[in-house]
Structures are given as structure tokens and as C-alpha cells.
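Colleague: I have a model open and some labels to question. Could you take me through them?

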Amino acid sequence: MEMKIQSIHFDATEKLEAFAEKKLEKLQKSYDDIKLVELVMKVVKPATALNKEVRLTVNVPGTKLFVEKTCDTFEESIDLCVDAMRTQLTKFKEKQQNR
């Protein structure tokens, strides 16, 4: 599984990137055949609350799965994205098995 982590309008700390990588690795438990995981972190409006936007795209054979969340912190956004993506991967896996 290949991982790409990108930060827009700010410089991500090593601690934040390590947190993101650790969370993204857990996606492999939900679905084995993940080709690419892309995480984009973006500060939307610097002076407001709920300004940390995270987009998570997962490439699996035959399709791309996408989740986007906005919260007060990147950690919270990443957590929510990973949880939502796990749900999508589980549903995708069930559809594959039913074919």
C-alpha cells in the first residue's frame, strides 16, 4: 500500500504526519488490496473554528473511495475520515464477496 500525505496552506509537523500514517495503516485491516491512500490536509479559513479540512482518497481495484471531514483539529478530522473510510471499505468488500 502506497501512502501520499499532502498539506496545503501550512507545514505539517513530523508528529502530525506520523499520527496520520499510523491511522492510515489501520485501513489495511479492513481491506487487503489497497493500492494507494492519499491524505490531503488543508487549512480553510485560518482565523475561524472548524477550519481543518481533511480529504482521504483510497484506490482499490476497480474504484476510488473518498471521504472529506472538517473539524477543529487535524487529528480529529483524520480520525473521523479513517472511521468513515473503514465503513466504506467494509461495504465495498461485502459487495465484492457477493459477486
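Modeller: Start with the elements. Helices (H or I, at least four residues) and strands (E, at least two) are DSSP runs, numbered from the N terminus. E53 lies in strand β3. The model is predicted, so local features need pLDDT of at least 70 and side-chain atom pairs pLDDT 80 or more, while totals for chains, interfaces and linings use all residues. Residues are numbered from 1 along each chain as its sequence is written, and side-chain values use heavy atoms, with hydrogens and water left out.

Colleague: Why is E53 called buried?

Modeller: Buried means under 20% relative accessible area, exposed over 50%, and partly exposed in between (1.4 Å probe, protein chains only). E53 has 11% relative accessibility, so E53 counts as buried.

Colleague: What does E53 touch?

Modeller: Contact means heavy atoms within 4.5 Å. Leaving aside neighbours within four places in sequence, E53 is in contact with V40, M41, K42, V44, E68, K69, T70 and F74.

Colleague: What makes the link between the side chains of E53 and R55 a polar contact?

Modeller: A polar contact is a pair of N or O atoms within 3.5 Å; within protein, one must be able to donate a hydrogen and the other to accept it, and residues adjacent in sequence count only if both atoms are side-chain atoms. The side chains of E53 and R55 make such a contact at 2.9 Å.

Colleague: Now the rings. How many aromatic pairs are there?

Modeller: Rings of Phe, Tyr and Trp (its six-membered ring) pair if their centres lie within 6.5 Å; planes under 30 degrees apart count as stacked, over 60 as edge-to-face and the rest as tilted. By this rule there are 2 aromatic pairs.

Colleague: Why is the pair of F10 and F74 called stacked?

Modeller: The centres are 4.6 Å apart and the planes sit at 15°, so F10 and F74 are stacked. F10 is in the loop between β1 (2–8) and α1 (14–25), and F74 is in helix α3 (residues 74–98), so the pair ties together parts 64 residues apart in sequence. F74 is buried, at 7% relative accessible area.

Colleague: And what makes Y31 and F92 edge-to-face?

Modeller: Their ring centres are 5.5 Å apart and their planes are at 65°, so the pair is edge-to-face. Y31 is in the loop between α2 (27–30) and β2, F92 is in helix α3, and the two are 61 residues apart. Y31 counts as buried at 11%, and F92 is buried at 13%.

Colleague: Which residues touch the most other members of the largest nonpolar core?

Modeller: A nonpolar core is a set of buried Ala, Val, Leu, Ile, Met, Phe, Trp, Tyr and Cys residues joined through side-chain atoms within 4.5 Å. The largest one has 25 residues, and L27, M41, L56, V58 and L89 touch the most other members. The elements giving two or more residues are α1, β2, β3, β4 (63–71) and α3. Helix α3 gives the most, with 7 residues.

Colleague: Why is N51 called buried?

Modeller: The relative accessible area of N51 is 4%, so N51 is buried. N51 is in the loop between β2 (36–43) and β3 (52–60).
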